[in-house]
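Have the model open as you read.

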Amino acid sequence: MKGLEQALATLAAVPLSQDFGKLCRVTGLLMEVSGCPLAIGQRCEVEGIDKKRIIAEVVGFNRDLTYLMPLQSLAGLRSGARVLPSSQRPNLTIGTEWLGRVLNGVGEPIDERGPAVGSAVLPLHLPQISALKRRPISAPLDVGIRAINSLLTLGRGQRVGLMAGSGVGKSVLLAMMARATDAQIVVVGLIGERGREVNEFLRHTLGEEGLKKAIVVAAPADESPLMRLKATELCHSIAAFFRDQGYHVLLMIDSLTRYAMAQREIALSLGEAPATKGYPASVFSLIPRLVEAAGNSDSEGSLTAIYTVLAEGDDQQDPIVDAARAVLDGHIVLSRSLAELGHFPAIDISQSVSRCMSLVTDAEHRQAARTLKQHYGRYQEIQPMMALGGYAPGADQDVDRAVRLAPAILQFLQQDEQQLSHFDQSLNDLMSVVEEKA
């Protein structure tokens with residue numbers, strides 16, 4: 001009798017009916033569902049042939065129609081397929097066991113090393129921090145790049161953009177920073193990149209040593225736009241979790257432009273009107289929301305974020321470049337003309353700026369950096385005239401000194417891919433160049 005009573009008690013938890021909708025239309029990646037009202041952001045399952053279920057998420061609605069965007073391929077769907085709402089999302093448990101792992105946009109391991117487990121539940125929404133609870137930036141971050149450490153010094157908790165066209169060396173520069181940084185944990189988001197580049201980045205560019213303290217989230221170009229959005233936001237959630245645990249975290253997103261393009265695909269599918277260069281207005285409201293999830297909180301940890309931003313056609317006035325520059329704490333511009341000359345890293349120091357450098361450096365450091373930039377700028381101005389024989393030594397002492405220092409400055413600004421220059425060494429090298437032949 002006792003077993004019967006227990007069985008009868010469990011019947012109360014069994015639903016008498018199950019609500020489901022029907023798939024009535026698929027346009028591109030957008031699915032229209034009728035008969036089952038669902039909330040925006042809610043997960044659901046769409047039944048395909050052979051009872052295969054495709055995971056999707058609600059992205060909008062229009063009266064009795066609900067719009068879904070899939071996280072997987074749409075192959076196998078048919079008209080009238082049942083759409084079953086998910087009662088709740090599976091929780092992701094996180095811990096330091098995630099270090100060295102490679103995940104997809106929903107936190108599932110793709111490195112064939114078993115499930116990613118931990119002792120804490122990872123929040124799936126973007127973290128929000130009150131402006132009054134953000135701890136000020138007060139300490140420099142060593143990234144191992146001489147030109148950045150000395151002339152564009154980054155602070156722990158800063159958000160900075162790496163602006164460049166395609167094929168100028170953004171990914172290689174990111175990997176150098178990941179290997180050399182003094183941050184305890186590195187979270188890397190490879191968003192919308194070629195699938196081939198993901199494995200190359202892990203094996204060759206980042207390397208075994210770099211991967212040991214890194215967590216990589218990959219959503220290649222062939223993933224759905226929703227998966228690319230989720231992957232980018234997952235990176236921020238992971239980084240914010242470790243920041244609030246007291247770790248110094250470096251977050252790298254390659255690239256912010258692919259994130260904006262994914263939102264553009266979704267917004268245009270929903271019928272939102274295009275605005276600047278085909279980007280709907282929702283894209284420009286989503287970027288600040290994403291960026292503000294990074295930075296410091298009131299914990300003892302820090303979260304520094306570096307976003308690569310693709311300047312289409314090397315146009316620094318591209319709408320995404322311009323929007324990112326407005327909300328970030330600095331920008332590092334990579335020049336194609338320098339890259340074509342074999343100058344690596346191809347950082348154009350005259351167009352780059354770190355808005356937090358004054359908070360983490362002393363007056364002597366800032367003066368040395370200002371002096372080197374001035375000499376480099378004068379040399380850049382006189383260089384075309386030198387090729388035409390228009391430079392006459394002795395006419396201007398400042399120009400003469402800039403010309404004398406030019407070889408040392410150019411050598412200082414260049415750095416081999418395998419060579420790392422830590423913060424103190426970078427500062428010593430800067431002082432040596434500035435004081436040379438005074």
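**Pocket and cysteines at a glance**

Helix H4 is the top contributor to the lining of the second largest pocket, giving 5 residues. Bear in mind that this is a predicted model. On the cysteine side, the structure has 0 disulfides.

**The second largest pocket**

- Its volume comes to about 480 Å³.
- Two elements each give two or more residues to the lining of this pocket: helix H3 (170-180) and helix H4 (195-212).
- In total, 21 residues line the second largest pocket.
- If you want to find the centre of the pocket, look for Ser171, Glu193, Arg194, Glu197 and Asp254, the lining residues that lie nearest to it.
- By type, the lining splits into 9 charged, 7 polar and 5 nonpolar residues.

**The cysteines**

- A disulfide needs the two sulfurs within 2.5 Å.
- Cys36 is in no disulfide either, and its nearest cysteine sulfur belongs to Cys44, 8.2 Å away.

Definitions and conventions. Residues are numbered from 1 along each chain as its sequence is written. This is a predicted model: local features need pLDDT of at least 70, side-chain atom pairs count only at pLDDT 80 or more; totals for chains, interfaces and linings use all residues. Side-chain values use heavy atoms; hydrogens and water are left out. On a 1 Å grid over the protein atoms alone, a cavity is a set of points where a 1.4 Å probe fits but cannot get out, and a pocket is an open set with protein on both sides within 12 Å along at least five of seven lines; lining residues have an atom within 4 Å of a point. Grid points are joined across faces, edges and corners, and a volume is the space filled by probe spheres set on the points. Helices (H or I, at least four residues) and strands (E, at least two) are DSSP runs, numbered from the N terminus. Ala, Val, Leu, Ile, Met, Phe, Trp, Tyr, Cys and Pro count as nonpolar, Asp, Glu, Lys and Arg as charged, and the others, Gly among them, as polar.
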